[in-house]
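Hi everyone, thanks for making time this morning. I have one model to walk you through, so let me put it on the screen.

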Amino acid sequence: MNRMAQACVMIFFGAAVLRASVTDLYLRYVKEGLRPFLIAASLLLIAAAVMTLWYELRPYADGPEDRNDPEDPAGGNRRQSAEQITSGPTTEDVHDEHAHHEPRVAWLLLLPALGLLLVSPPALGSYAAGQAGTALTAQQDYDYDYPPLPAGDPATTTVFDYAARALFDKGQSIGTRRVQLTGFITPGPDGQPILARMILSCCAADGRPVKLGMAGNAPTGLANDTWIQVTGRYTDRVTRDPINDEEIPYIDVESWRQVTAPKDPYE
């Protein structure tokens, strides 16, 4: 891979990142607040590639008068390059040319760019949730005064917020109020569907699932990764996650409906 090829790959890679950043596609892989950094990084890649192309093409863009200018110290180098092109490369030239090449493995940078442009891998879902234990663990300290639930009936909150209140506050901050949660279907420990949502610290690489069992009028017959919105009340029922042996709380479902996946699939 020579410098010209490097520049082309950098432009292609930067354009793929920029396209994902100016659309909602990037939300499948990173947190929403990282969009400015992704745009800046992609523009820097494209700018560096353009400068590399300009530097490499500059000798061929100069006119003949520039090559013969005695005051131009680079003119001699360009004349020498022209003579070498006419007479053919020497062994030393070939060795020097190879010395400026990068390893062929650099071509692998095309793979993530092609993935973003052509395949667009989906956000983490039921498969990822089934490979990891629930994110709420007994070692974490969630023992604090929970604020009141949002106003309204039902109160709209997150799967993480409800699960934390149910496990570590024993539902005291929920009381008898109805709550509304949105998540996707994934198989539970007993094979029955449960509600889940992935949470991120930075990006999809550190994504972890928050799992929530469903009692009462729980949905049945839905495919994995189906997004639903459930309305229900607190129940003290819990089960164990077989992956990390942590408790999974439940919600007593009163009603549910299928919804489209949210713009930001993570919490």
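This is a predicted model: local features need pLDDT of at least 70, side-chain atom pairs count only at pLDDT 80 or more; totals for chains, interfaces and linings use all residues.

The chain has 8 helices and 6 strands. If you follow the sequence, the order reads α-α-α-α-α-α-α-β-α-β-β-β-β-β. There are 267 residues, and 34% of them count as buried. Now take the contacts in the chain with a separation of 6 or more: 69% of those come from residues 24 or more positions apart.

Let's go to the helix pair. Helix H1, residues 3-22, packs with helix H6, residues 110-119. Their axes are 9 Å apart, and the angle is about 35°. Which hand does the crossing of H1 and H6 have, left or right? It is left-handed. On the H1 side, the contact is made by Val9, Phe12, Phe13, Ala16, Val17, Arg19 and Ala20. H6 brings Leu110, Pro112, Ala113, Leu114, Leu116 and Leu117. By residue class, that contact has 12 nonpolar residues, no polar ones and 1 charged.

Next, please find helix H8, residues 159-168. Why do I call H8 largely enclosed by the rest of the structure? Because 8 of its 10 residues are buried. Those buried residues are Val159, Asp161, Tyr162, Ala163, Ala164, Arg165, Ala166 and Leu167. And what covers them? The cover includes five strands that you can pick out on the screen: S2 (179-187), S3 (193-199), S4 (208-216), S5 (227-240) and S6 (247-258).

Now for the backbone details. Just after H8 comes Lys170, with a positive phi of about 55°. Lys170 sits in the loop between H8 and S2, and it is exposed, with a relative accessible area of 53%. Asp245 also has a positive phi, of about 60°, although it is not a glycine. You'll find Asp245 in the loop between S5 and S6. There is a cis peptide bond to look at too: it runs from Asp153 to Pro154, with omega near 5°. Pro154 belongs to the loop between helix H7 (126-131) and strand S1 (155-156).

Let me move on to Val259, in the segment after S6. Is Val259 buried or exposed? With a relative accessible area of 18%, Val259 is buried, because the cut-off for that is under 20%. Leaving aside neighbours within four places in sequence, Val259 is in contact with Thr182, Trp227, Ile228 and Gln229. Gly183 is 76 residues away from Val259 along the chain, yet their C-alpha atoms are separated by 9.3 Å.

Last stop, the second largest pocket. It holds about 190 Å³ of space. Its lining is made up of Arg28, Pro122, Ala123, Leu124, Gly125, Phe184, Asp225, Trp227, Ala261, Pro262, Lys263 and Pro265. Sorted by class, the lining has 8 nonpolar residues, 1 polar and 3 charged.

Technical notes. Residues are numbered from 1 along each chain as its sequence is written. Side-chain values use heavy atoms; hydrogens and water are left out. On a 1 Å grid over the protein atoms alone, a cavity is a set of points where a 1.4 Å probe fits but cannot get out, and a pocket is an open set with protein on both sides within 12 Å along at least five of seven lines; lining residues have an atom within 4 Å of a point. Grid points are joined across faces, edges and corners, and a volume is the space filled by probe spheres set on the points. Ala, Val, Leu, Ile, Met, Phe, Trp, Tyr, Cys and Pro count as nonpolar, Asp, Glu, Lys and Arg as charged, and the others, Gly among them, as polar. Axes are lines fitted to C-alpha atoms, for helices over the stretch in contact, and angles run from 0 to 180 degrees between N-to-C directions. Helices (H or I, at least four residues) and strands (E, at least two) are DSSP runs, numbered from the N terminus. A crossing is left-handed if the near helix is turned anticlockwise from the far one by less than a right angle, and right-handed if clockwise. Contact means heavy atoms within 4.5 Å. Buried means under 20% relative accessible area, exposed over 50%, partly exposed in between (1.4 Å probe, protein chains only).
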